[in-house]
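Hi everyone, and thanks for coming. Today I'd like to walk you through a structure that may be new to you.

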Amino acid sequence: MGNIFRASLFDGHTAIVTGGGSGIGLAIATQLGELGARVAILGRKAERLETAKATLVQRGIQVHTAVCDIREPEQVATFVDGVAHALGPATILVNNAGGQFPTTAEQVTARGWEAVVRNNLNGTFFMTQAVATKHMIPARRGRILNIIANVRRGFPGMVHTGAARAGVENLTKTLAVEWAQYNVQVNAIAPGVIKSSGTDQYPPELLEVSRKQTPAKRLGTPEEVAHLATYLTSDAASFVTGETWYIDGGANLWGDNWPIPDPDPAM
Ligand SMILES: CCCCCCC/C=C/C(=O)SCCNC(=O)CCNC(=O)[C@H](O)C(C)(C)COP(=O)(O)OP(=O)(O)OC[C@H]1O[C@@H](n2cnc3c(N)ncnc32)[C@H](O)[C@@H]1OP(=O)(O)O
Ligand SMILES: NC(=O)C1=CN([C@@H]2O[C@H](COP(=O)(O)OP(=O)(O)OC[C@H]3O[C@@H](n4cnc5c(N)ncnc54)[C@H](OP(=O)(O)O)[C@@H]3O)[C@@H](O)[C@H]2O)C=CC1
């Protein structure tokens with residue numbers, strides 16, 4: 001599918017995309033940049049960021065990159081100040097960085113739990129607070145978009161990320177209300193299973209199970225998520241706030257997120 005959005009849609013905007021060096025984040029950074037935004041991306045791995053930067057620059061996009069772990073508030077503050085210096089204050093923040101590992105609730109260690117909650121919930125909040133207070137609230141203008149996951153029916157098989165993403169969904173609602181007075185809209189996207197650099201780390205046979213468990217009978221693409229992100233960060237969505245948008249081929253309504261044993265062993 002081609003791009004249905006106007007070429008100059010984001011002229012004059014600066015967009016931060018966390019985890020913009022790969023997968024869904026890179027697709028979003030590419031699309032916002034091609035529509036006129038200056039783009040700042042971060043991640044923990046410098047090499048990944050350099051490769052992504054080359055791709056974006058090749059497409060004529062003005063890019064700022066810096067290594068930053070969103071779990072560390074000092075690194076976040078330095079990154080956010082660096083964006084203002086390099087590209088001007090951010091008008092768009094896409095909190096896309098995140099991840100987890102499969103585990104049963106019985107087996108997850110305290111450190112494993114903390115690692116995933118810090119990555120997905122704490123990191124998202126630290127970025128959001130820094131960008132809003134330093135850039136968006138003073139300018140009385142901002143769009144924040146949180147990438148979560150399909151947690152509508154919990155997340156059996158990944159209890160830590162289910163809890164963390166539900167936390168992000170709730171902070172999306174809270175901040176939509178608190179920051180409406182500053183003309184800052186806050187929304188979330190809940191992707192189903194998307195064929196990306198992220199899911200490439202999962203065994204192919206599990207991805208095939210996910211495909212079958214999706215009513216649309218296919219996996220989504222990063223570009224499809226980017227189209228929705230473009231709408232939600234554009235002026236077309238200026239009266240939309242506090243909402244979670246599922247993009248999952250119907251998966252939140254039917255089928256298993258993750259193949260776990262039947263909760264009733266007698267069945
Ligand atoms: C096929 C169907 C798919 C359906 C689901 C699709 C929905 C979601 C898809 C995606 O999210 S795609 C993105 C995929 N990418 C990732 O998820 C990778 C992200 N991982 C990370 O960023 C990190 O590994 C982490 C999870 C944040 C942990 O990083 P950190 O550096 O903090 O951890 P460590 O210091 O190494 O370990 C802390 C603690 O956590 C335990 N642990 C870490 N990784 C694993 C693992 N893979 N398996 C089990 N346990 C893990 C580790 O053992 C430590 O605990 P202790 O052993 O010390 O108790
Ligand atoms: N693909 C899918 O099916 C789904 C994905 N999601 C979520 O969407 C987001 C993007 O996923 P996807 O593109 O598929 O996967 P990727 O693993 O390719 O993307 C995750 C990105 O986040 C960055 N990142 C992770 N932790 C941190 C951190 N602490 N600080 C800074 N950057 C970090 C990674 O970079 P680096 O490693 O260099 O730090 C990477 O660029 C993730 O939050 C994922 O959990 C949700 C539902 C489904």
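How many residues surround ligand 2, and which are the closest? Before I answer, please keep in mind that this is a predicted model. Ligand 2 has 31 residues around it, and the closest are Gly19, Gly23, Arg44, Gly98 and Gly198. H1 has the largest share, with three residues. Sorted by class, the shell around ligand 2 holds 16 polar, 10 nonpolar and five charged residues.

Now over to ligand 1. Here 20 residues form the surroundings, with Gly99, Phe101, Thr109, Gly112 and Gly198 the closest. Helices H4 (110-139) and H6 (204-212) each bring at least two residues to this shell, and H4 gives the most, five residues. By class, the shell around ligand 1 is made of 10 polar residues, nine nonpolar ones and one charged residue.

The largest nonpolar core contains 59 residues, and Ala15, Ile16, Val39 and Val94 have the most contacts inside it. In soluble globular proteins, nonpolar side chains tend to be buried together.

What does Ile16 touch, leaving out residues up to four places away in sequence? Its partners are Ala40, Val83, Ala90, Ile92, Leu93, Val94 and Val131.

Key
Residues are numbered from 1 along each chain as its sequence is written. Chains are lettered from A and ligands numbered from 1 in the order in which they are written. This is a predicted model: local features need pLDDT of at least 70, side-chain atom pairs count only at pLDDT 80 or more; totals for chains, interfaces and linings use all residues. A residue is near a molecule or strand if its C-beta atom, placed from the backbone, lies within 6 Å of it. Helices (H or I, at least four residues) and strands (E, at least two) are DSSP runs, numbered from the N terminus. Ala, Val, Leu, Ile, Met, Phe, Trp, Tyr, Cys and Pro count as nonpolar, Asp, Glu, Lys and Arg as charged, and the others, Gly among them, as polar. A nonpolar core is a set of buried Ala, Val, Leu, Ile, Met, Phe, Trp, Tyr and Cys residues joined through C-beta atoms within 7 Å. A residue is buried if 20 or more other C-beta atoms lie within 10 Å of its own, exposed if 12 or fewer, and partly exposed in between; C-beta atoms are placed from the backbone. Two residues are in contact if their C-beta atoms, placed from the backbone, lie within 7 Å.
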